[in-house]
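Student: Please put the structure up, and then let us work through it with questions and answers.

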Amino acid sequence: MGVNLSSMRRLRKRLPLSRQVPRLPPSRVSSMASASAPKCNSHTSENEPVKSTSQDGVNCDLNETVPRLPGETLITDKEVIYICPFNGPIKGRVYITNYRLYLRSLETDSTLIFDVPLGVISRIEKMGGATSRGENSYGLDITCKDMRNLRFALKQEGHSRRDMFEILTRYAFPLAHSLPLFAFLNEEKFNVDGWMVYNPVEEYRRQGLPNHQWRITFINKCYELCETYPALLVVPYRASDDDLRRVAAFRSRNRIPVLSWIHPENKMVIVRCSQPLVGMSGKRNKDDEKYLDVIRETNRQLSKLTIYDARPSVNAVANKATGGGYESDDAYHNAELFFLDIHNIHVMRESLKKVKDIVYPNVEESHWLSSLESTHWLEHIKLVLTGAIQVADKVSSGKSSVLVHCSDGWDRTAQLTSLAMLMLDSFYRSIEGFEILVQKEWISFGHKFASRIGHGDKNHADADRSPIFLQFVDCVWQMSKQFPTAFEFNERFLITILDHLYSCRFGTFLLNCESAREKQKVTERTVSLWSLINSNKEKFKNPFYTKEINRVLYPVASMRHLELWVNYYIRWNPRIKQQQPNAVEQRYMELLALRDDYIKRLEELQLANSSKVSSASTSPSSPSQMMPHVQTHF
Amino acid sequence: MLGKGVVGGGGGTKTPKPSFVSYVRPEEIHTNEKEVTEKEVTLHLLPGEQLLCEASAVLKYVQEESCQRGVCGRLVCTDFKIAFLGDDEPALDNAETQFKNKIIGENDITLHCVDQIFGVFDEKKKSLFGQLKKYPEKLIIHCKDLRVFHFCLRYTKEEEVKRIVSGIIHHTQAPKLLKRLFLFSYAAAAQSIIATSPKDHTVMFDTLKDWCWELERTKGNVKYKAVSVNEGYRICERLPAYFVVPTPLPEEDVRRFQGHGIPIWCWSCHNGSALLKMSALPKEQDDVILQIHKSFLDGIYKIIHRPPYEIVKTEDLSSNFLSLQEIQTAYSKFKQLFLIDNSTEFWDTDIKWFSLLESSSWLDIIRRCLKKAIEITECLEAQNVNVLLLEENASDLCCLISSLVQVMMDAHCRTKTGFQSLIQKEWVMGGHCFLDRCNHLRQSDKEEVPVFLLFLDCVWQLVHQFPPAFEFTETYLTVLSDSLYIPIFSTFFFNSPHQKDTNMHRRQLSLPLTQPKSSPKRGFFREETDHLIKNLLGKRISKLINSSDELQDNFREFYDNWHSKPTDYHGLLLPHIEGPEIKVWAQRYLRWIPEAQILGGGRVATMSKLIEMMEEVQSLQEKIDERHHSQQRLQAEAPCLLRNSARLSSLFPFALLQRHSSKPILPTSGWKALGDEEDLAKREDEFVDLGDV
């Protein structure tokens, strides 16, 4: 994955005939060629010695054009010098469309190609001024949301920098220029409609809902109860719509407790909401108290309702000052509250920034481990996972139902409920199940993607931005690492989701909540990311996947097992190349193919036998000649 | 395994036996004393093994779901091992017995495997050695394979406590004579059993023929010759009877300083350049002798500096590289991270895990070794020069670096027999002082340095990064590392081939993994497990290294260039050495820690899928073959050895199914201060205007 096709091709050409090149299986080459995830992953090619063969420069990608999606238009192209942090300046031509920045090297010995969706750009800065003297000191520095920077040096004369700066700013930050995001211009067609993946009624029906205790309500059909909640909600049967309205008044942003997941056997539930509006004076609300009790009683359990407040307790207390707070013992007799000590969006943002500092452009050499520790990133991952394990365990053990909230119930709460559901319900570990999980717990329940990512927005320092969703995907990756056979999807699936979290090519992650999406007619006017993925599922499948229904997965939330996700965070560094666990995977795939082949042969043989054709004469050759025998070490 | 009877959830209907008591209420043990004495679990003794002392009514603590429980039984000490015999040994189910270690049971500790012994006196933990005045109420044993045992002696008769404690301390810690190694009594007693000569393909390098074969294999025979000048150890006891030197080197030179100061051949590269080693001449003050040394060395260099020999680059490992002291210090710190007494300790250290790891420097030392090996590889492969490794005795870092270089450059060394032959050539015949470095005789702690383990850890990094390039898996390496402390195999119990030859009169058992079926000591595990040990991914490795097309003149370029190309698993192999790529050998180091167990997960999950698939393909293949020769009936399905793959844990096959319940393990320690981010942490996620509420 770290090498693009053209560099591979060139590589193979360049090797003298005497050297026997390990032949790549065609599957691998083609999968690289078809890697449509917009990635700049071609640094590898720059490692080639500079004095390498020039004779094949003639073939150097001359007839390749800039890739273009339907609806994508070329705006400009410029000759620039790309200042590669790993291998120094490289002359190239940059093409800017309304969707991407595409760079192709003009140097004969480098096939560097770069394909960056403009949505990934978080900040564009000019470097150097009119008086800059040093070589390549005048140009642009582009900070990306996906852990890298791009630097281009431009000629001082002819306003080329000003042009490029303005065009990039315009198309990378369309919101400030009253332009639409590219997703609204994208005319791609797929044979699957990703918008059809999630249907809340169907998903609740899968969970066995509605039932005697829980009902589906349309009280929020026009988002009048809660603007940031989905139209369709599952609430206790015994709570009337009026009850819900009164509870809404006591929950931050009206995000009332509603069902996320119900255990198919013990009927314990995971319920999510925002913090109660307790305030300094310690306000109480009988309706809210009663409502929580109703939730507790849905499974006729006498145990208390467990409330997990995702925040550190100090923060929960501090929230009282702004009108928020938590459920106190004296008001909620039948509930037990635990704090999960997960920090807020600002802490997470700074933590990720530190991760970037130690991995880009160069990986911290001498004190890698302590530097990693000082970012606290894995520590945060550990806490999120620990919280989710606790939620899952409470529900799975049948001890009690669980209510989860943080402040507003759209960041940490979404992380906890979705991870707990992933641990509890094997359905969410399939490709479509995971899409439904994201669609449900994140998108429909109003994780503020637009604010957290800042799609098309130039305010790079906005305090609302935070890598909460990335952190969730990282947790999923950690789980998939610990349970390599439990997930239908592979690492590429997760990376593709993250790439399109920023790309603005699909409507999936745009805007902050369902009501806003409805207003903008997102499902009608844009394509869903799941269309891309589901129309090409094979690429995203984990061959080791073993479907196991009703198996609860508890990852080990210990630093001994948590790892930095190198293939995501350090993927731009050619020295830290994708390791090759893929080799194991590849070997497995070969065996799979062999098995299928044998099964086919066996069927053919059976057919031949049953039709009583004399086997000796028709058999074209001996079996050992016909098929490659497996090399085993038995 | 012992947990089985205790945890109701996992064991099903089985109720806890009265002999299993929680150690918080250990008084109960007295009520059961009768029952205890009635049940005698037999102690399994190896041929030649003798029971030395024993104590009954000992409680062994078992970690279970963050609480400890006691299992009652006998603690015995033989001249081979310390063993705990639980009164209620739960019957092992099939999957468990299948992968059971055949020599060392779950509660067996070979005497050589004992690292440190602690006694607990009034809640205080003290290291135990020598003569004791007072006997502890609790015994904690830290093992070299990183197991930790806790034995409670509070209910044991006083004289039995005295006998067992002093017995254990004496037999594990008092200096021992070589003659008293269990190895010899075992060999004498087991003669009849091991009489069959092993059909072993490992090259032992104890004959001239073996060396000639190796020279031929690497095409080193053009410029180097095998010599028998040291036959019968006439010249020195440090060198093997046979070894290889540059062809023109006169035998007289070998004799001159008892083998010091002469270049000894390790390996030849496909391009003709060679890896050589030399032990330094004795240190001298006297000017005259120094002058003699100098002219001797000049003479030597003249021989190997001339064509047909390549230019020689010397690499002084005793002055410009790691010191043995550093290695020892780092490992002592490192191993402490895994010798964990209880759950609290595990989670307390978890939060500082990375900085603790870093402060041990063990991973950094691995990195430096790998880097040095890459540098030397670059010289041989790219610069086409000879590399001469220098070290005082040429038997520590020389062994490490030269064998690492060979693993990286010579695909043959990545097969199982190739790797074993390499260990035989570079370590056993290379005169690595296993006896001293492992401190098997407890004669001097100062000499104890885990050089060989460091080598295995370096190889593990390569296996981890490039699994398809090796015929063996990490499990093989882990088992190999354990065999260092099992005095049945003679391989790692001598300081030199001379010492071995003078003490062993017959060929002893060698490495455990390639013995023929008839031998009872063939493997640690049953045959089936060998599937796991053999790497299923390694395709046949036979090709030698291809010639590289470009010569670079520095390390970085060489390294980057190699890594920018697709990996040829049969060719040169260079490890990634960046910080994130050097990892902890989790299988070896974390295998006994229940908190670190991933139930139904870990690498074994994919491995067992692979095995299942291989078996399926194989049986299909057989079916097709049979159809073609249709006289045969269909055979029974190949046995599926890992049928319950989902139930295996990441600790497989070492600590089997320690945790039967599916309860998650939750961290118990709190949050570490954020330091400079404190102000951020206090902020609201976003400004919430709740004024109108």
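**Strands, helices and cysteines**

Tutor: In chain A, strand 10 and strand 11 (residues 269–273) are paired antiparallel through four bridges. Strands (E, at least two residues) and helices (H or I, at least four residues) are DSSP runs numbered from the N terminus, and two strands pair if DSSP finds at least two bridges between them. This is a predicted model, in which local features need pLDDT of at least 70 and side-chain atom pairs count only at pLDDT 80 or more, while totals for chains, interfaces and linings use all residues. Residues are numbered from 1 along each chain as its sequence is written, chains are lettered from A and ligands numbered from 1 in the order in which they are written, and side-chain values use heavy atoms, with hydrogens and water left out.

Student: Which residue in strand 11 of chain A is the bridge partner of A:Ile262?

Tutor: Strand 10 of chain A covers 258–262. Its residue A:Ile262 is bridged to a residue of strand 11 of chain A, namely A:Val269.

Student: In what order do the five strands of the open sheet in chain A stand?

Tutor: The pairing in this sheet is mixed. Strand 10 and strand 13 (335–339) of chain A each have a single partner strand, so one side of each has no neighbour in the sheet. The order is 10-11-14-12-13.

Student: By what angle are neighbouring strands of this sheet turned against each other on average?

Tutor: Axes are lines fitted to C-alpha atoms, for helices over the stretch in contact, and angles run from 0 to 180 degrees between N-to-C directions. For this average the direction is ignored, and the value is 25°.

Student: At about what angle does helix 12 of chain A run to strand 11 of chain A?

Tutor: Helix 7 (residues 286–297) of chain A lies across strand 11, strand 12 (305–309) and strand 14 (402–405) of chain A, at about 120° to strand 12. Helix 12 (residues 412–424) of chain A lies across strand 10, strand 11 and strand 14 of chain A. Its angle to strand 11 is about 165°.

Student: Is A:Cys406 buried or exposed?

Tutor: Buried means under 20% relative accessible area, exposed over 50%, and partly exposed in between (1.4 Å probe, protein chains only). Contact means heavy atoms within 4.5 Å, and beyond its neighbours within four places in sequence A:Cys406 has contacts including A:Cys273, A:Asp309 and A:Arg412. Its relative accessible area is 1%, so A:Cys406 is buried.

Student: How many disulfides does the structure hold over all chains?

Tutor: A disulfide is a pair of cysteine sulfur atoms within 2.5 Å. The sulfur of A:Cys222 is 14 Å from the closest cysteine sulfur, in A:Cys226, which is too far for a bond. B:Cys398 is also in no disulfide, as the nearest cysteine sulfur, in B:Cys399, is 6.7 Å away. The number over all chains is zero.

Student: Is A:Cys222 buried or exposed?

Tutor: B:Cys398 has a relative accessible area of 0% and is buried. A:Cys222 has a relative accessibility of 55%, so this residue counts as exposed.

Student: Why is strand 6 of chain B largely enclosed by the rest of the structure?

Tutor: In chain B, strand 6 (residues 114–121) is joined to strand 8 (residues 138–143) by six bridges, antiparallel. Strand 6 of chain B is also joined to strand 7 (residues 124–127), by four bridges and again antiparallel. It is largely enclosed because of its eight residues, the number buried is seven.

Student: Which residue of strand 7 of chain B stands opposite B:Gly119?

Tutor: Strand 6 and strand 7 of chain B form a hairpin with two residues between the strands, where B:Asp122 takes a positive phi near 45°. Opposite B:Gly119 stands B:Lys126.

Student: Which residues does B:Ser481 touch, not counting residues up to four places away in sequence?

Tutor: B:Ser481 is in helix 19 (residues 474–483) of chain B. At 0% relative accessibility, this residue counts as buried. The residues it touches are B:Leu453, B:Leu456, B:Trp585 and B:Arg588.
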